[in-house]
Amino acid sequence: MSEQQKMEKSKKRTKICLITITVAFLVLMLVVPLVSVLASSLREGFGFYIQAITTEYVRSALKVTILATVIAVLINTFFGICAAWLLTRFSFKGKQVLATLIDIPFSISPVIVGLAYLMTFGRLGWFYPVIRAFNQFFGTNIRITFAIPGVVLATVFVTFPYVSREIIPVLNAEGKDEEEAAALMGAGGFTIFRKITLPQMKWSLIYGIILCTARALGEFGAVNALSKTRGETFTLPLEIDALYMSGTETSITAAFAVSSILVIIALIILFARNFIEHRYKNKN
Amino acid sequence: MDDTVKNMAKSKNTRVIPGYHLTLGIVVTMLSVIVLIPLASVFMYSIRISPREFLELITKENVRNAFVTSIGSSFLAAVFNTVFGLIVAWTLVKYEFPGKWLLDGLIELPFALPTAVAGITLSKLYSDSGFFGKALAKAGIHVAYTQTGIVIALIFVGLPFVIRAVQPVLEKMDGQYEEAAFMLGASPKKTFFKVILPELRPALLTGFGLAFARGIGEYGSVIYISGNSAKNHTQVVSYVIMQKLSYIDYASATAIALVMLVISFVLLLFVNIVQMKQSQRTNLL
Amino acid sequence: MYVEMKNIYKKYGDFLASDNVSFGVEKGKLVALLGPSGSGKTTLLRMIAGLETPNSGDIYIDGKRVNDIPAAKRGIGFVFQNYALFRYMTVYDNIAFGLELQKMPKKEIKKRVTELLEMTGLSGMEKRYPNQLSGGQRQRVAFARALAPKPQVLLLDEPFAAIDAKVRTELRTWLKEMVEKLGITSIFVTHDQDEAVEVADEIIITNHGTIEQMGTPLEIYKTPDTPFVAQFIGHSSVVEEYDRLKGFERIENADRAVIRPEFIKISKSGNLNRYMSAAEEGVVTDVVFRGNRMDVTVNINGIEVVGERSLEKDLIEVGETVHVLIYRLYIFDDHKTYLMENGEMQEEDVFYI
């Protein structure tokens with residue numbers, strides 16, 4: 001066998017070896033858990049499945065989850081666009097610090113987020129007297145912790161940088177020449193945004209919104225610290241936790257049934273992600 | 001000349017693109033209200049704890065153990081993910097095989113899947129009656145409710161970081177490096193260790209740092225598989241904070257949280273420095 | 001003066017981009033801001049446009065101080081270095097953009113855009129997007145877009161930098177003709193001296209945030225004010241110990257001389273039949289083929305000078321000993337430039353050169 005052939009053979013062996021490791025690793029770590037959720041959810045039959053995902057608790061949790069997600073996505077999209085515009089179209093002192101501060105929620109344990117809101121708005125928090133005074137004055141009964149507003153706020157916090165992080169690199173790469181050219185011709189801020197910036201960042205904005213949605217739907221730790229009433233302030237992940245923790249065979253199956261909703265949403269999100277990336281790559 | 005200097009100080013820079021003050025106002029306000037003020041509350045509260053009390057709170061045995069467990073498991077999981085992440089990224093970039101697109105598309109599943117769902121699923125799979133657990137139990141290996149279980153859960157949540165950091169770098173290398181090294185007579189092994197690996201190091205370090213940081217703070221995916229027993233050292237830090245919160249022991253919760261915040265900032269700084277160095281280097285090229 | 005800058009200072013942190021800059025451009029002139037990168041030429045252009053604000057100093061357009069007038073109201077057309085065409089708009093929409101902002105009726109916009117498309121030779125391309133155009137076509141769109149609102153002044157930032165060499169020459173001529181036809185006052189930035197000399201009516205040479213010289217290309221070439229200009233224009237050699245060369249004497253306080261290639265005649269040893277007394281002997285250290293000529297570097301007792309040699313003549317090789325006749329050179333002191341002739345050459349003999 002010649003040197004060349006030996007080399008080819010060794011190359012092929014490496015290839016087969018690496019592919020085997022990769023496939024085995026990904027199948028064991030990703031595919032099996034994925035299939036297992038779906039399989040577990042149907043263990044007690046399809047009738048039970050439907051029943052499990054339509055209980056009063058689940059419907060209430062779904063409502064809270066959707067509410068928190070929609071608000072988080074709206075707030076963070078608005079914030080993300082403002083932050084991206086600010087950080088990519090202007091230079092100013094402290095820009096780098098601001099960019100780092102915006103990314104903080106990425107690196108913080110969700111449990112600490114819950115703690116931070118308790119320390120701010122809870123009974124011991126410094127903002128609590130303000131809320132109490134407000135309630136006394138207006139005769140309202142607004143509560144933040146252990147109520148819907150706390151759940152929403154925590155969701156907004158954990159997803160805070162998701163949109164901005166996706167659009168900032170794109171806008172940076174596109175440069176600000178086009179905006180300058182338009183401004184030079186007398187275009188106002190809104191016209192520039194609508195006609196020039198928005199088309200530039202369209203796909204990354206959609207991608208950021210998708211990621212933000214995924215994270216908001218699944219938030220658990222932060223919400224767990226701020227929400228205690230099942231059927232009122234629980235989100236879907238909390239409901240899954242409650243079902244799983246009650247420990248009976250059927251409630252565990254019910255937990256998986258509810259999980260399957262979120263798994264299907266996750267799969268749709270992955271599909272959308274790949275679709276957008278594909279489009280983006282083709283365009284460039 | 002004096003006049004000139006005075007004028008220089010006076011004149012402000014006009015910005016041609018509109019919206020600077022508006023967006024600056026919005027960004028700073030929202031950032032403060034949603035992120036900075038709540039976080040500052042944690043710091044404010046912890047200032048009220050005396051240093052001695054603070055030290056006592058964070059050096060209690062179960063707290064110490066939780067830190068060791070969290071940091072140790074996250075480190076192990078991150079190392080594991082770095083090695084396998086490199087292999088997976090390499091395979092996905094360099095080779096073609098059936099079903100590749102599906103696996104490639106699934107890499108981000110841990111990001112898209114709610115952590116609680118991941119947690120209960122892994123817990124079930126690795127419990128002694130589960131799909132993997134049963135087989136492993138026969139071999140005398142127990143995963144669920146042990147530290148091994150924690151590491152497995154952290155491998156799951158940290159899996160995409162290294163792969164997604166390395167993949168684009170490998171794609172850009174487009175075989176030229178390898179060919180150049182090969183023409184100079186380097187063996188494939190030598191090429192890999194001397195040429196390719198150094199090129200990938202910043203990406204590997206970034207992925208490692210992010211996976212590590214994520215692991216230390218992880219809650220949802222860990223608590224079901226970990227068993228949360230102080231005796232068996234299977235409590236993670238996030239769990240301990242949550243436990244203190246439900247006992248309304250805010251002093252302990254805050255003290256532990258503060259240490260965690262410091263650790264995650266250090267890791268974030270590490271990742272930023274790696275990335276800055278990398279961009280400096282590429283700018284020079 | 002139509003466009004005028006007076007005592008302009010501009011600082012970026014510690015970097016002084018404009019250091020007391022003053023100059024004026026007459027109406028209808030095509031002027032080049034020429035200088036090496038980092039010399040502050042683009043900053044000057046951007047300040048005229050209103051994209052940057054000077055720290056002090058005044059900018060006038062048509063006799064009006066425009067410092068406090070926003071960029072969009074200064075009546076300026078700006079062509080960006082990479083054109084900054086709106087990539088999500090068609091050619092038509094790009095050109096019409098400025099007109100729409102002025103709330104011009106649709107019909108008139110259409111008329112104006114069609115007119116510009118014809119003028120720039122882009123008719124039939126109005127439905128295309130910028131990424132479907134060649135570099136030269138993009139530049140024409142940028143030009144048409146800048147001209148659409150009928151600006152008083154046209155500013156162009158490195159207008160030819162992004163185009164390949166072949167098309168560049170063609171576009172230079174096109175731009176010059178177009179600006180002349182329209183009679184619009186235009187200023188363009190470039191780092192390419194050939195480009196400036198070929199296209200501009202007048203050249204402003206910038207260096208380290210200051211203006212070294214302003215004048216017609218010929219003036220700048222013939223009577224450079226500073227050593228920088230003498231070196232920057234043409235491919236010159238710089239000599240410090242010029243008094244060691246035959247026929248040149250030292251002038252007090254002037255310790256540098258610049259020799260242009262056309263000031264030098266290089267002959268094969270023995271082929272020089274006049275002015276032997278004025279010629280130096282030197283060794284060839286380098287010969288570079290430049291397509292239409294040879295650049296020959298000769299070492300004369302440690303002084304290196306570069307001359308050109310026609311391809312029609314006998315080839316010279318590295319290491320060969322040659323005769324070098326230096327007719328004249330520029331000498332600079334702190335204030336003045338002197339053109340010094342070779343003193344060994346008899347005046348009546350100049351006829352033969």
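I began with chain B and looked up its domain assignment, which gives domain 1 (19-48) and domain 2 (51-284); such bounds come from an automatic or database domain assignment. The C-alpha centres of these two domains of chain B lie 29 Å apart.

A note to myself before going on: this is a predicted model, in which local features need pLDDT of at least 70, side-chain atom pairs count only at pLDDT 80 or more, and totals for chains, interfaces and linings use all residues. Residues are numbered from 1 along each chain as its sequence is written, while chains are lettered from A and ligands numbered from 1 in the order in which they are written.

**Chain A**

Next I turned to chain A, where I found 13 helices and zero strands. Helices (H or I, at least four residues) and strands (E, at least two) are DSSP runs, numbered from the N terminus.

I then looked up the dimensions. The radius of gyration of chain A is 24 Å, whereas a compact globule of 284 residues would come near 19 Å. That radius is taken over C-alpha atoms, and the globule rule is 2.2 Å times the number of residues to the power 0.38. Along the principal axes, the C-alpha atoms of chain A fill a box of roughly 90 × 65 × 30 Å.

How much of chain A is buried? I read 47% of its 284 residues. Buried stands for 20 or more other C-beta atoms within 10 Å of a residue's own, exposed for 12 or fewer, and partly exposed for in between, with C-beta atoms placed from the backbone.

**The cores**

I went on to the nonpolar cores, each a set of buried Ala, Val, Leu, Ile, Met, Phe, Trp, Tyr and Cys residues joined through C-beta atoms within 7 Å. The largest has 157 residues, and those touching the most other members are Ile112(A), Leu115(A), Ala154(A), Phe157(A), Ile241(B) and Ala257(B). Helix H3 (residues 56-89) of chain A gives the largest share of this core, 15 residues. From chain B, the core draws at least three residues from each of domain 1 (19-48) and domain 2 (51-284).

I picked out Ile112(A): leaving aside residues up to four places away in sequence, Ile112(A) touches Ile241(B), Ala257(B), Met260(B) and Leu261(B). Contact here asks for C-beta atoms, placed from the backbone, within 7 Å.

**Where chains A and C meet**

Which parts of chain A touch chain C? The contact takes 12 residues from chain A and 14 residues from chain C. Helix H9 (177-184) and helix H10 (189-218) of chain A each supply at least two residues of that side of chain A, and H9(A) brings its largest share, seven residues.

**Chain C**

My last stop was chain C, divided into domain 1 (3-231) and domain 2 (235-352). Their C-alpha centres lie 39 Å apart, and seven residues of domain 1 of chain C are in contact with seven residues of domain 2 of chain C.

I also traced an open sheet of six strands in chain C, with the order S6-S7-S8-S3-S9-S10 and mixed pairing. Two strands pair if DSSP finds at least two bridges between them. The edge strands, S6 (76-79) and S10 (210-215) of chain C, each pair on one side only. S6(C) runs parallel to strand S7 (residues 153-157) of chain C, joined by four bridges, and Phe78(C) stands opposite Leu155(C) in S7(C).

Notes: Two residues are in contact if their C-beta atoms, placed from the backbone, lie within 7 Å.
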